[in-house]
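The points are kept brief and can be read alongside the model.

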Amino acid sequence: MEKNKVARSKKAKAAKPPKAPKPPKQKKEKRSVKKQRKMYEKALKKARPEKMLSIIAIVLALFSTIMDRILGSRKKKQQ
């Protein structure tokens, strides 16, 4: 025979703090969007705007020095 046991109540646990909300998940890009983005990145790499700007700056500097020389030689001829 089993003896009757008195069940003792368990101690109350402390309340857990509420969990922080999870950040929203990013939506996966569709294939066409992915392709467009990759094509755009390739086009940017090919364009290299910094290189074009530096070349333009060099050409303008050379052009201005040449024009100064030409105008200087014309002034000397007039005098």
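The numbered points below take up the basis of the model, the salt bridge and the surface patches.

1. This is a predicted model, in which local features need pLDDT of at least 70 and side-chain atom pairs count only at pLDDT 80 or more, while totals for chains, interfaces and linings use all residues. Residues are numbered from 1 along each chain as its sequence is written, and side-chain values use heavy atoms, with hydrogens and water left out.

2. The structure holds one salt bridge (a side-chain nitrogen of Lys or Arg within 4 Å of a carboxyl oxygen of Asp or Glu), and the side chains that meet in it are those of Arg 37 and Glu 41, at 3.6 Å, N to O. Both residues lie in helix α1 (residues 31-47), four residues apart, about one turn of the helix; helices here are DSSP runs of H or I with at least four residues, numbered from the N terminus.

3. Arg 37 counts as partly exposed because its relative accessibility is 35%, and Glu 41 counts as partly exposed at 39% (buried means under 20% relative accessible area, exposed over 50%, partly exposed in between, with a 1.4 Å probe and protein chains only).

4. Lys 28, Arg 31, Lys 34, Lys 35, Lys 38, Lys 42, Lys 45 and Lys 46 form a positive surface patch (patches take residues with over 30% relative accessible area and no salt bridge, joining like charges within 9 Å and nonpolar side chains, namely Val, Leu, Ile, Met, Phe, Trp and Tyr, within 5 Å). Lys 46, found in helix α1, counts as exposed at 73% relative accessibility.

Key
Helices (H or I, at least four residues) and strands (E, at least two) are DSSP runs, numbered from the N terminus. Accessible areas come from the Shrake-Rupley method with a 1.4 Å probe; for residues, only the protein chains shown count as cover. Lys and Arg count as positive and Asp and Glu as negative; His and the chain ends are not counted. The place of a charge is taken as NZ of Lys, CZ of Arg, CG of Asp or CD of Glu.
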